[in-house]
Each structure stands twice: as structure tokens, then as C-alpha cells.
Amino acid sequence: MTETPASEPSVLTGTQDPEQPPGPQPPEPGLEPALLIDVQLGYLDPHQRAGLPAMADLQRWALAALDPRLSPRHAKRSWPVELTIRITDEAESAELNQRYRNRAGPTNILSFAFEPPPGLDLEEPACDGIGGLLGDLVICAPLVQREAAEQGKTETAHWAHLVVHGTLHLLGFDHISPTEAAPMEALEIRVLDALGFPSPYEVNDDANGERRRI
């Protein structure tokens with residue numbers, strides 16, 4: 001799991017190519033007032049686009065990770081919340097990973113938390129709604145597919161984990177040190193369990209018939 005520092009600016013641009021097969025579909029109407037998601041699709045082949053989660057699922061997973069009851073940090077969020085999710089290929093993921101983290105190769109997810117420009121007072125009436133801007137997630141679709149197979153997970157479970165994981169990063173959670181990682185992982189496990197998914201940090205060990213940590 002790798003993300004960019006929260007201080008990095010958003011770099012997401014572009015929209016879905018109308019000549020390509022459709023990706024995530026519009027959200028369920030009841031979810032729109034609480035969480036607004038802008039899904040942007042990069043250069044993906046038809047097979048990769050066909051395997052993408054529905055918009056309703058992306059919203060459901062992100063909303064679960066934003067539940068105000070999870071922590072004091074969650075309770076301080078302004079609502080409604082706006083979030084951008086860009087789904088892309090390995091080439092774009094690698095380029096962003098190199099540019100913002102100075103690391104070679106693609107990564108499963110990058111998180112860009114929204115940072116207001118210096119001097120902007122979010123309490124002013126003119127800034128109404130800006131406090132609800134959460135940030136951007138960049139998810140590498142082919143890497144999600146490959147990792148799910150390598151880790152013995154369903155693609156849906158891995159997608160859900162990455163959305164939850166990235167959303168928590170946008171709220172300021174991190175896992176650089178064990179002290180930071182423990183509460184963040186506990187939250188991820190709690191949220192995913194409520195969504196009906198097993199712990200993302202354990203997989204079935206067919207040799208022993210047990211689950212092992214990854």
C-alpha cells in the first residue's frame with residue numbers, strides 16, 4: 001500500500017473516453033447528498049474496464065470509511081464530502097509514483113489529500129463547501145487485478161480495501177510507523193468487516209487450511 005504525502009497537490013485531469021466501454025455507473029440516488037464522487041478513467045483496455053466496480057460500490061465503500069462514529073477525526077469532517085477517484089493503467093500510475101514519491105514502477109493506490117491554498121479561511125461564507133473537499137485517489141486497475149490473484153482475494157474485496165485504505169489516508173491516517181499502522185489497520189479491518197469482507201491483511205493458506213497474515 002503506497003500513497004503520496006498529504007501535502008502534494010491534486011494532479012487529476014481528463015474524463016472518460018466516450019469511445020471506450022463504460023466504466024462505473026451513476027450512484028444510487030440516496031447516496032448522492034452525502035458523498036459526491038467524480039470517477040475518471042484513464043487508458044484502460046476493454047477487459048480492464050469491464051472488471052471495474054460500480055459507482056454505487058465505490059460510494060458505499062468510501063462512505064463506510066467516512067462513518068463519523070469511527071473516530072474523533074471522522075466526526076470533524078464537513079458534509080457533504082467530495083472525492084475524486086481516477087482509475088488508470090500501470091504507465092500512468094508509474095509516472096505519478098515517480099513524480100510524487102520518487103519511486104519507480106506502478107503502485108496500487110496513490111492518495112492526494114486536499115490542501116486549501118495558503119491564506120484561505122474555510123470558515124468564510126465565500127468558502128462554503130470547500131471544507132468538504134476530501135481529495136483524490138489514483139487506483140491502478142491492472143495492478144489491483146494482479147494483486148488480488150496473487151493474494152488469493154476476490155477483485156471486489158481488494159477494490160473495497162483500497163478505497164477504504166485510501167479514504168482513511170485522505171483523513172490523515174497513515175502507516176509509516178508501527179504506532180501509526182496499528183490503529184489504521186484496525187479501522188480498515190473494522191470497516192471491511194461491516195461491509196462483509198474478511199481482514200485484508202490475512203489470506204487463506206491452502207497448505208495448512210488456515211488464514212495467514214500478509
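How many residues apart in helix H2 are Asp 57 and Arg 60, and how many helical turns does that make? The two lie 3 residues apart in H2 (residues 55-65), which means that about one helical turn separates them. Asp 57 counts as partly exposed because its relative accessibility is 24%, and Arg 60 counts as partly exposed at 36%. The model described here is a predicted one, and it holds 5 salt bridges.

Glu 95 forms a salt bridge with Arg 99, and their closest N and O atoms are 2.7 Å apart. Since these two residues are 4 apart in H4, about one helical turn lies between them. Glu 95 is partly exposed, with a relative accessible area of 37%.

The protein chain contains 7 helices and 6 strands, and along the sequence they follow the pattern β-α-α-α-β-α-β-β-α-α-α-β-β. Of its 214 residues, 47% are buried. Among contacts between residues at least 6 apart in sequence, 70% join residues that are at least 24 apart. The accessible surface of the chain comes to about 10,900 Å², and carbon and sulfur atoms account for 52% of this area.

Strand S1 (residues 35-41) and strand S2 pair in the parallel sense over 7 bridges, with Leu 36 standing opposite Glu 82 in S2. S2 also pairs with strand S4 in the parallel sense, again over 7 bridges, and here Arg 86 stands opposite Val 138 in S4. Because 7 of the 8 residues of S2 are buried, this strand is largely enclosed by the rest of the structure. Strand S3 runs antiparallel to S4, and 5 bridges join the two. Val 138 in S4 is the bridge partner of Leu 110.

Is strand S3 enclosed by the rest of the structure or open? S3 (residues 109-113) is largely enclosed, because 5 of its 5 residues are buried. Ile 109, Ser 111 and Ala 113 point one way from S3, whereas Leu 110 and Phe 112 point the other way. In a regular strand, side chains alternate between the two faces of the sheet.

Helices also contribute buried residues. In helix H5 (residues 141-150), these are Ala 141, Pro 142, Leu 143, Val 144, Glu 147 and Ala 148. They pack against several elements, including H4, S2, S4 and helix H6. After H5 comes Gly 152, which has a positive phi, near 70 degrees. Within H6 lies Thr 167, which is buried with a relative accessible area of 0%. Beyond its neighbours within four places in sequence, Thr 167 is in contact with Ala 62, Ala 65, Leu 66, Leu 83, Leu 134 and Leu 137.

Note on methods: Residues are numbered from 1 along each chain as its sequence is written. This is a predicted model: local features need pLDDT of at least 70, side-chain atom pairs count only at pLDDT 80 or more; totals for chains, interfaces and linings use all residues. Side-chain values use heavy atoms; hydrogens and water are left out. Buried means under 20% relative accessible area, exposed over 50%, partly exposed in between (1.4 Å probe, protein chains only). Contact means heavy atoms within 4.5 Å. Accessible areas come from the Shrake-Rupley method with a 1.4 Å probe; for residues, only the protein chains shown count as cover. Two strands pair if DSSP finds at least two bridges between them. A salt bridge is a side-chain nitrogen of Lys or Arg within 4 Å of a carboxyl oxygen of Asp or Glu.
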